[in-house]
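This report goes through one protein model, beginning with a helix and moving out to the chain as a whole. Please keep the sequence and the 3D view at hand while reading.

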Amino acid sequence: MLGTISRFDPIKNHSMILAAFKDIVARFPNARLLIVGDGPLNETLRTQCQTLQITEQVIFTGFIIEPQQYLSIMDIFYCPH
């Protein structure tokens, strides 16, 4: 499980994460991406998942006050900055 925890803001570049994840799914169809957070780009990112045809592999949790339990299930954590 790959994942990230952050606000959906342009500076975080979630769009790049999704584009890269499309390539991962092509090689590893069972891969999953967990995105914990919310923000102004929520709908844009969901639409990008549809365009990339990775909607079934990407899990959006929404805003979580204490996301520690999600961090513990990620094998790879991406820290955008």
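An α-helix has 3.6 residues a turn, so residues three or four places apart point the same way.

Contact here means heavy atoms within 4.5 Å. Helices (H or I, at least four residues) and strands (E, at least two) are DSSP runs, numbered from the N terminus.

## Basis of the model

The model is predicted: local features need pLDDT of at least 70, side-chain atom pairs count only at pLDDT 80 or more, and totals for chains, interfaces and linings use all residues. Residues are numbered from 1 along each chain as its sequence is written, and side-chain values use heavy atoms, with hydrogens and water left out.

Most residues other than glycine have a negative phi, and most peptide bonds are trans. Gln53 is not a glycine, yet has a positive phi of about 60 degrees.

Asn13 sits in the loop between S1 and H1 and is partly exposed, with a relative accessible area of 34%.

Thr4 belongs to strand S1 (residues 2-5) and is buried, with a relative accessible area of 0%. Leaving out residues up to four places away in sequence, Thr4 touches His14, Ile17, Leu34, Ile35, Val36, Met74, Phe77, Tyr78 and Pro80. His14, in helix H1, is buried at 3% relative accessibility. With the neighbours up to four places away again left out, the residues that His14 touches include Thr4, Ile35 and Leu45.

Leu71 is part of helix H3 (residues 68-71) and is partly exposed, with a relative accessible area of 40%. Beyond four places in sequence, Leu71 touches Ile5 and Phe77. From C-alpha to C-alpha, Leu71 and Leu41 are 21 Å apart in space, and they are 30 residues apart in sequence.

## The chain as a whole

The protein chain has 3 helices and 4 strands, which run β-α-β-α-β-α-β from the N terminus. The radius of gyration of the chain is 12 Å, close to the 12 Å that the globule rule gives for 81 residues, so the chain is as compact as a globular protein of that length. This radius is taken over C-alpha atoms, and the globule rule is 2.2 Å times the number of residues to the power 0.38. Along the principal axes, the C-alpha atoms fill a box of roughly 30 × 25 × 20 Å.

Of the 81 residues, 37% count as buried. Among contacts between residues at least 6 apart in sequence, 80% join residues at least 24 apart.

Note on methods: Buried < 20%, exposed > 50% of the residue type's maximum accessible area, 1.4 Å probe, protein only.
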